[in-house]
Amino acid sequence: MKKLLFSLLAFLALTAQADGGMWFLKLMEQQHLADSLKKAGLKMPLDQLYNENGPSLRDAIGQFGRGCTGEVISPDGLVLTNNHCGYSYVHGISTTQRNYLRDGYYAKSRAEELPVKDLTFTFIIAIEDVTEAVEAAAKAAGIDTYTMQSQGFLKPFGEKLFKASKYSTMPGARGSVVAFFSANRFYFFVEQTYKDVRLVVNPPLNIAQFGGNQDNWVYPRHNPDFAIFRIYADKKGQPAAYSAKNVPLKRETYLPISLKGINEGDYTMIMGFPGHTQRFLTSDALSHLMNDTYRPVVEAGRAELAFNASEMARSEAEKLALQDEDMSLNNLVKNYGGAIESVRKNKLIETLRKEEKAFQAFAEKSGNPAYKTVVSDIAKLMKEYSDTVHDATLITRTIITDGIFVHPLDAANFLRLMRSGKPEDKADAAERLRAALYITPGKSDFSQDQRRYAALAPVWEKNCRLQSSKA
């Protein structure tokens with residue numbers, strides 16, 4: 001997920017037509033979010049929701065780890081997050097002798113709170129619209145803003161802005177520029193990251209993940225999907241690397257836990273880092289996403305999950321070794337598979353086509369030539385790249401999987417050989433496919449990689465669209 005998309009999802013708990021969506025808190029007024037929240041039942045002043053110049057909920061909600069949301073729930077830096085968000089970090093400190101993932105963990109004192117490798121907690125300090133500056137930089141470089149975003153130019157640009165900002169000397173702070181609205185607007189984010197985050201409570205796996213993947217992405221849930229951590233800082237309250245001398249982070253703004261329970265019709269909202277939205281795709285772009293990106297991941301993912309299950313049944317050590325990877329893949333396959341099914345059941349593509357007809361009527365009257373062809377231009381682009389994207393996605397999930405590479409095979413070169421009309425290239429590609437052997441850096445035993453390849457290569461052969469590969 002986009003790690004810096006600081007958004008809010010608000011909805012009414014009572015109404016059947018919930019006011020759901022993603023809003024950028026920086027643009028509360030422009031996107032009429034303020035009006036929607038008040039209408040839904042929000043009673044607190046809006047400047048207590050998001051305020052860069054005073055206390056607000058922004059100070060209690062941050063990014064947990066690499067992309068999840070965490071909430072500070074005590075004045076001493078206690079953080080609540082989802083169990084699946086803490087899963088990989090708890091996995092990282094577990095062993096077959098002390099399996100905190102399987103058996104759970106409860107620190108009875110602060111002295112028992114466990115350091116967690118590579119876990120961070122990040123607060124958003126400020127957000128600034130820098131669209132004009134990005135456009136000027138792109139013009140000076142002779143490129144458009146989309147190219148500037150897609151080719152990695154935003155990173156050094158953001159670092160330059162940060163060095164010139166008033167936040168440059170803030171401990172643990174960094175700045176970056178993020179593209180929004182398909183690279184039409186750009187925002188400069190200043191974050192402060194704490195690197196000493198410790199495990200306090202993790203429920204046992206059979207409780208925390210009760211129902212397994214069958215209950216994932218389905219509501220209501222029947223498991224306590226939570227974990228509790230604590231942020232530590234130096235004695236001045238500033239970010240610092242782990243040290244026994246660090247103290248719990250003091251936070252004036254936090255979310256107290258109410259024991260009063262909830263009632264039907266209570267106002268409900270979610271604030272955090274939900275990722276990104278694809279609501280504004282055209283019908284052809286949505287079809288391309290479902291069929292050429294999501295579907296090959298699901299097809300290959302199901303085969304890989306079956307393979308993981310057989311490997312994990314070999315021993316407790318093998319189970320622990322693959323558990324984090326398997327959890328992540330399970331989540332992805334369920335998400336993508338559910339999206340494909342939802343789009344089909346709700347006939348979303350058909351609905352979008354009707355909306356596009358209405359848009360086309362508007363475009364014809366608008367007098368703007370770009371409006372008249374934009375939908376058909378996107379359709380042509382999707383058609384042209386559909387097979388390439390499908391097979392590149394499929395080969396990445398089968399022949400070359402995450403974190404593992406095949407020697408001397410790489411996806412781009414392999415696809416080039418497969419598409420070639422030259423007999424010698426086709427023969428070379430076929431030979432490479434047959435001879436490919438997974439090699440994981442640092443491993444001395446490749447037997448599991450060979451078994452994985454044997455399980456997943458047939459998925460490529462069955463589902464790839466390149467005719468030459470099936471010859």
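In this predicted model, D292 touches S287, S386, V389, H390, T393 and R465, leaving aside residues up to four places away in sequence. D292 itself belongs to helix α8, which spans residues 283-312.

The surroundings of this aspartate can be described through its accessibility and its polar partners. Because its relative accessibility is 5%, and the limit for a buried residue is under 20%, D292 counts as buried. Two polar contacts of its side chain may be followed in the structure. One joins the side chain of D292 to the side chain of H288, at 2.7 Å.

In soluble globular proteins, nonpolar side chains tend to be buried together. Here the largest nonpolar core has 31 residues, and those with the most contacts inside it are F64, L119, F121, F123, L199, F229 and I231. At least two residues of this core are supplied by each of β5 (78-81), α2 (83-92), α3 (100-103), β8 (121-129), β11 (196-202) and β12 (227-233). Strand β12 gives the largest share, five residues.

Not counting residues up to four places away in sequence, F64 touches T69, G70, V79, T81, C85, G86, Y89, L119, T120, F121 and F229.

Definitions and conventions:
Residues are numbered from 1 along each chain as its sequence is written. This is a predicted model: local features need pLDDT of at least 70, side-chain atom pairs count only at pLDDT 80 or more; totals for chains, interfaces and linings use all residues. Side-chain values use heavy atoms; hydrogens and water are left out. Helices (H or I, at least four residues) and strands (E, at least two) are DSSP runs, numbered from the N terminus. Buried means under 20% relative accessible area, exposed over 50%, partly exposed in between (1.4 Å probe, protein chains only). A polar contact is a pair of N or O atoms within 3.5 Å; within protein, one must be able to donate a hydrogen and the other to accept it, and residues adjacent in sequence count only if both atoms are side-chain atoms. Contact means heavy atoms within 4.5 Å. A nonpolar core is a set of buried Ala, Val, Leu, Ile, Met, Phe, Trp, Tyr and Cys residues joined through side-chain atoms within 4.5 Å.
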